[in-house]
Amino acid sequence: MAPIHKNMIQLTGADRNSPDGDELEDVRLLDSYEDADEQADNYNNLSNQKRIQVRITGMTCSACSNSVEGALKSLNGVVKASVSLLQNKADVVFDSGSVNDDDIKNAIEDAGFDAEIVPEASSFEKSSSGTLVGQFSIGGMTCAACVNSVEGILRKLPGVKRAVVALATSLGEVEYDPNVITKDEIVEAIEDAGFEGSLVQSSQQDKIMLDVIGVRSKMDVQLLEGILCNLKGVRQFYYNTTSKELEVLFDPLVLSSRALVDGIEEESSGNIKLHVKNPYTRMTSKDLEESSNMFRLFMTSLFLSIPLFLMRVVCPSIPLLYALLLRQCGPFMMGDWLKWALVSVVQFVIGKRFYLAAWRALKNGSTNMDVLVALGTSASYLYSVCALLYGAVTGFWSPTYFETSAMLITFVLLGKYLETLAKGKTSDAIKKLVELAPATAVLLLKDKGGKIIGEKEIDALLIHPGDVLKVIPGTKIPVDGVVVWGTSYVNESMVTGEAISVSKEVNCSVIGGTINLHGSLHVKATRVGSDTVLSQIVSMVETAQMSKAPIQKFADYVASIFVPTVIVFSMLTFAGWYIGGVLGSYPEEWLPENGNHFVFALMFAISVVVIACPCALGLATPTAVMVATGVGANNGVLIKGGDALERAQMVNYVVFDKTGTLTQGKATVTTAKVFTEMQRGEFLTLVASAEASSEHPLAKAILEYARHFHFFDPSTTSDIKYPEKEPKYSGWLLDASEFCALPGRGIQCIINEKQVLVGNRSLLTESGVIIPTDAEEFVVELEESAKTGILVAYGSVFIGVLGVADPLKREAAVVVEGLLKMGVRPVMVTGDNWRTAQAVAKEVGIHDVRAGVMPAEKADVIRSFQKNGSIVAMVGDGINDSPALAAADVGMAIGAGTDIAIEAADYVLMKSNLEDVITAIDLSRKTFSRIRLNYVFAMAYNLIALPIAAGVFFPLVKLKLPPWAAGACMAMSSVSVVCSSLLLRRYRKPRLTDILEITVET
């Protein structure tokens, strides 16, 4: 077994002697060459030497990798061999005249492992399975400059398609080609840049984190190691003895996560119990750990700084204590020794994080707040040390400013702690969403015949598609699925926003996270993990919080030049006061007691350095966007990104689709009139048979109306023989062939060897069908009463009309009027005829109507509004709305609509309530008002604080800001910006009674 190292056990073999031996990451393939670049170049220059990579299967621990490496190095002709356990690869440099590729492959196989030569071109070919998306935790970022630095590094990596980094969450999302670069290489790139990096989760499910219960001794650890080494499909595992966490890398094609957990528990005879750690819960614990660490640093610094403050302020008033401090002890007084000792601990132990962060920034060619803190505190500390040494040598004792350095670090740490707490509050929305899903589920166990033989409680994260789960009353449904047994009522308010319980019976679909209220249910899992509705909502909110609003580009630009500008301004401040003092430009009375012009100027310069705050600018936008997306999710409005949030507040037009958006999407047939000798029942049967193959809502309404007529109208008579169809309509539908749906016009098919046309006027007239005058007048009457006329022809002869009504949503008219009050112009676009569209528009109060628009033409309508620079929002629900949703500046999809429409939209209105259109625009406006306020505060703070710190007003009002006070101001500025963004959590969506009172913002 591997030795214990820093309370961690690396069961599978990172190099214990490497600098990163206590980390999961193994030594990179090329690490051994980085210190010998010249030697590697010589290898490449020799014509007989060749370099290949070999993919190795079967390695599970360091002994395996050492065995392979030894086998390769023993081959005559192998010059260099490096084996990476984590990447399951070997990098080999060899003399092609002495050994060939097959010899190397055979050597690895002789050692007991499977080997495959990686083609040279494969590193540059696109993965056949497409790209993967990984989410990485990035520690050590302090401001926008750090974000820009990390993003730049990630985007330059080969194989990386997209990289977005969020300061507020300390997360990065990277889309990459797994054939070109691995997630471990991405982590290494982050760490090489000087930051802490780790993978949180990836779209490739090959890693699991487990809490381990039952491991109490080294024997238990050995047992765990033996079980994992014998499990087929385990690539690597790592156990942390401190946190009791087990991390396993496994091949998902060979071993499932549940089989992994079950295998360990069974092999340990139940002595070891495992629980899956939710990645979001892990992120929460890391946030708590960060805030706890920051609080610990602050309290330690405060504990050491208080004596310094007392020695400076209180002790001179207490003769006995002051005499002790003035007592000579070697070259210095006792008080000087104490100050130096206390401040050195604060400066270099507690303040070490500022030096490390500053070094990371400078190493990457950028600057941040840590550079300013390190520069200011170091200047104060070094000056005080030099003043002591100078006094010991010359006997001239200048005042020291040790307490300035210590108190400055203390106040900055206080600000960082408060900022960490505040930033944690911005992600509360995701935490609440994650908590909706239950932690465990009851799995029903079946025998080979499908008979239930028992049940077992498992982690909800281990559920597989096809599992049958038992859900008792009062518990949450674990995943999305279908009811296979039982009846009950389910509270789906978390998705629909409706408090009314929904009846569920066999074959009804259920959503994970919703609450089963009454009877027991057996639910067959259909969508698990990241595919569930709840996970997709969480993912959408998280992606939105990761995105950057265009307005943030301004902050990024300012951050890139802010610190150098401040340093230059600080140097000018020092030069101005020092040179002015030497030339006698100000009186000597201004100097501090026992001070000189150098010290006087230095204090102003340090104040300038430490009072400047680039963090406030960097946090102004992302914190507000995070809170807004979370608030939106809580109110049923999912926002896909900061750019969509920014555009929504500038919307000039909102274009509504009619069917399913303004209307309820529940069409019902209200009238059926036959204009020939055909029986009414025969007419309805003919139309229903033609529409049976259609998925259109109107088709379903016609089918239901005809079925009701057939079974409940006793006067129905017909000589037609009905072939059997699907059970609901069996026994009375006719056979239809050559069915064809004609978008925007209707359908056509063949019944009894005659063509049947069901649709609008254009469909019939294009087919040469003559519409009688009385039928035309009847259709006009329907259209003028906001109903749609469906015309029917059989064998090129017009036979009848169906009148279909789709009731308006109750809130439609109020929402339209509310938009007008907000200064937004509503527009309705529909494929329906002009009269019906005009009647519906009149009822809801829309004056701009575009009727008879084909699905492909809706996007053109959007572009026509955009030509004059207007910002256009589109609200739709169907597949035919997708082009328009994509073309609009802001696409809003009704949550009950199709997946394609939701994919194309920027906003998803989960409750399918038009009031949320008002909410989306109102929330966007309030968010960007808050962002502008944050920017105004951040800019005003720096514009006012810097001149005060530089002493611009000192000649007039004798106002001098000590460096420690300047540091306190700097710390509080970023905290105040985050708290300002947190005020958005108090947002309340406008109520129906308030909507009409909304006025245009000026």
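## Ground rules

Buried here means under 20% relative accessible area, exposed means over 50%, and partly exposed is what falls in between, using a 1.4 Å probe and protein chains only. This is a predicted model, where local features need pLDDT of at least 70, side-chain atom pairs count only at pLDDT 80 or more, and totals for chains, interfaces and linings use all residues. Residues are numbered from 1 along each chain as its sequence is written, and side-chain values use heavy atoms, with hydrogens and water left out.

## Aromatic pairs

Let's start with the rings. A pair of aromatic rings is described by the distance of the centres and the angle of the planes. Rings of Phe, Tyr and Trp (its six-membered ring) pair if their centres lie within 6.5 Å; planes under 30 degrees apart count as stacked, over 60 as edge-to-face and the rest as tilted. The structure has 21 aromatic pairs. Helices, for the record, are DSSP runs of H or I with at least four residues, strands are E runs of at least two, and both are numbered from the N terminus.

Trp 577 and Phe 600 are both buried. Phe 600 also pairs edge-to-face with Phe 604, at 5.0 Å centre to centre and 85 degrees between the planes. Those two Phe residues are four apart in helix H19, so about one helical turn separates them. Phe 600 counts as buried because its relative accessibility is 1%, and Phe 604 is buried with a relative accessible area of 1%. Ring pairs link a cluster made of Trp 577, Tyr 586, Trp 590, Phe 600, Phe 604 and Phe 954.

## A charge over a ring

Arg 353 lies over the face of Phe 354, 5.3 Å from the ring centre. The rule asks for NZ of Lys or CZ of Arg within 6 Å of the ring centre and within 35 degrees of the ring normal.

## A nonpolar surface patch

Now for the surface. Patches are made of residues with over 30% relative accessible area and no salt bridge, with like charges joined within 9 Å and nonpolar side chains (Val, Leu, Ile, Met, Phe, Trp, Tyr) within 5 Å. One nonpolar patch includes Ile 306, Phe 309, Val 313 and Leu 324, and its residues together have about 750 Å² of accessible area. Helix H9 (279–313) and helix H10 (319–326) are the elements giving two or more residues to the patch, and the largest share, four residues, comes from H9. Phe 309 is found in helix H9 and is partly exposed, with a relative accessible area of 41%.

## Salt bridges

A salt bridge needs a side-chain nitrogen of Lys or Arg within 4 Å of a carboxyl oxygen of Asp or Glu. The count by this rule is 19. Arg 162 bridges to Glu 175, with the closest N and O atoms 3.5 Å apart. This pair links distant parts of the chain, with Arg 162 in strand S8 (residues 160–166) and Glu 175 in strand S9 (residues 171–176), 13 residues apart.

Asp 848 and Arg 825 meet in a salt bridge at 3.3 Å, N to O. Asp 848 is buried, with a relative accessible area of 10%, whereas Arg 825 counts as partly exposed at 43% relative accessibility.

Key:
Areas by Shrake-Rupley, 256 points an atom, 1.4 Å probe, with all protein chains shown as cover.
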